[in-house]
Amino acid sequence: MTGLSKDDYKLFVEDALQNCIVVGGACRSGCVFCSCAAQAAAGLRNWTSYISNEDLDSVVQYIDPRQTIYFGEGVAFLSCEPFQHPDYLELLERLERYFPDTPKRTTTNCKHIDRKDYDRLKKAKMTFVAGINTLDQEKRGELMRSTDNYESVIGFLTECAEKIDKVSLLYTGDLDVLQRDLDLLHSISERYRDVRTMLRLIDY
């Protein structure tokens with residue numbers, strides 16, 4: 001049974017043709033720099049219903065196994081927080097069965113990843129862009145107007161460091177905060193000294 005409307009399914013297929021599989025949902029982080037309004041003004045979609053197993057099965061025929069699969073973000077549908085999908089891990093494992101040797105990638109704010117799922121993520125041929133914005137807890141409260149889960153963020157960055165190939169930080173205007181972010185990141189794992197770090201001035 002499909003989880004998508006007829007119109008949304010058309011966009012879902014368009015994304016799949018570009019090796020992107022969105023999983024649906026609407027981000028509930030409430031960030032002050034949220035790009036949703038700008039995306040909507042540009043005619044882009046940033047939310048849809050959660051996809052089902054049947055939705056996923058129906059588009060694997062369009063996926064190029066020679067190219068990275070972006071699982072949880074798209075072009076017709078822009079990225080949302082993939083781990084808000086209640087069955088994201090099951091969908092990922094389903095995708096793995098279709099494409100066990102194809103690299104997969106997604107972007108996550110790391111707040112919604114349960115520690116008990118780390119081993120399952122480590123087994124997948126999957127890497128992550130960690131969109132953490134900042135590790136300063138006071139600034140996180142100002143930037144992301146929603147319930148934080150700082151322990152989950154730190155836990156994921158610590159236990160799954162080898163799965164993270166880029167970290168995204170938001171420049172708050174305070175160089176001291178930025179330096180503390182980098183120092184803390186490097187103290188979590190030496191690997192982050194070599195992981196690409198993207199510094200954003202604004203989301204969009």
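**Calls and cut-offs in a predicted model**

User: Why is Asp117 called buried?
Analyst: Asp117 has a relative accessible area of 11%. Buried means under 20%, so Asp117 is buried. The value comes from a predicted model.

User: What makes Lys116 exposed rather than buried?
Analyst: The relative accessible area of Lys116 is 63%. Exposed means over 50%, so Lys116 counts as exposed.

User: Why is the pair Asp117 and Lys116 called a salt bridge?
Analyst: Their N to O distance is 3.5 Å. The cut-off is within 4 Å, so the pair is a salt bridge. Salt bridges with shared partners join Glu90, Glu93, Lys116, Asp117 and Arg120 into one network.

User: How many salt bridges does the rule give?
Analyst: The count is 12.

User: What makes Glu96 and Lys104 a salt bridge?
Analyst: N and O of these side chains lie 2.6 Å apart. That is within 4 Å, so the pair qualifies. Side chains of opposite charge can pair when their charged atoms come close.

User: Are Glu96 and Lys104 buried or exposed?
Analyst: Glu96 has a relative accessible area of 14%, and Lys104 is at 1%. Both values are under 20%, so both residues are buried.

User: How do you know that Arg105 and Asp165 form a salt bridge?
Analyst: Their closest N and O atoms are 3.3 Å apart. The limit is 4 Å, so the pair counts.

User: Why is Arg105 called buried, and why is Asp165 called partly exposed?
Analyst: Arg105 is at 16% relative accessibility, under 20%, so Arg105 is buried. Asp165 is at 22%, between the 20% and 50% cut-offs, so Asp165 is partly exposed.

User: How many disulfides does a search of the whole structure find?
Analyst: It finds 0. Take Cys110: the nearest cysteine sulfur, that of Cys160, is 9.3 Å away. A disulfide needs sulfurs within 2.5 Å, so Cys110 is in no disulfide.

User: Is Cys110 buried or exposed?
Analyst: Cys110 has 0% relative accessible area, under 20%, so it is buried. Cys20, at 7%, is buried by the 20% cut-off too.

User: What covers the buried residues of α7?
Analyst: The cover includes β3, α5 (118–123), β4 (126–133), α6 (137–143), β5 and α8 (175–188). The buried residues of α7 (residues 150–159) include Tyr150, Phe156 and Leu157.

User: Which residues touch the most other members of the largest nonpolar core?
Analyst: Ile21, Phe71, Ile132, Phe156, Leu157, Val167 and Tyr192, in a core of 46 residues. Helix α4 (residues 88–98) gives the most to this core, with 5 residues. Leaving out residues up to four places away in sequence, Tyr192 touches Leu157, Ala161, Ile164, Val167, Leu185 and His186. In soluble globular proteins, nonpolar side chains tend to be buried together.

User: What makes β1 and β6 edge strands?
Analyst: The open sheet has 6 strands in the order β1-β2-β3-β4-β5-β6, with parallel pairing. β1 (20–21) and β6 (196–200) each pair on one side only.

User: How do you know that β4 and β5 pair?
Analyst: 5 bridges join β4 to β5. Pairing needs at least two, so the two strands pair. In one of the bridges, Asn133 is partnered by Leu169 of β5. Helix α7 packs on the sheet, touching β3, β4 and β5, at about 140° to the direction of β4. Helix α8 touches β4, β5 and β6, at about 160° to that of β5.

Key. Residues numbered from 1 in each chain as written. Predicted model: local features only at pLDDT ≥ 70, side-chain atom pairs only at ≥ 80, totals over all residues. Heavy atoms only, no water. Buried < 20%, exposed > 50% of the residue type's maximum accessible area, 1.4 Å probe, protein only. Helix = DSSP H or I, 4+ residues; strand = E, 2+ residues; numbered from the N terminus. Contact = heavy atoms within 4.5 Å. Core = buried A, V, L, I, M, F, W, Y, C linked by side-chain atoms within 4.5 Å. Axes fitted to C-alpha atoms, helices over the stretch in contact; angles between N-to-C directions.
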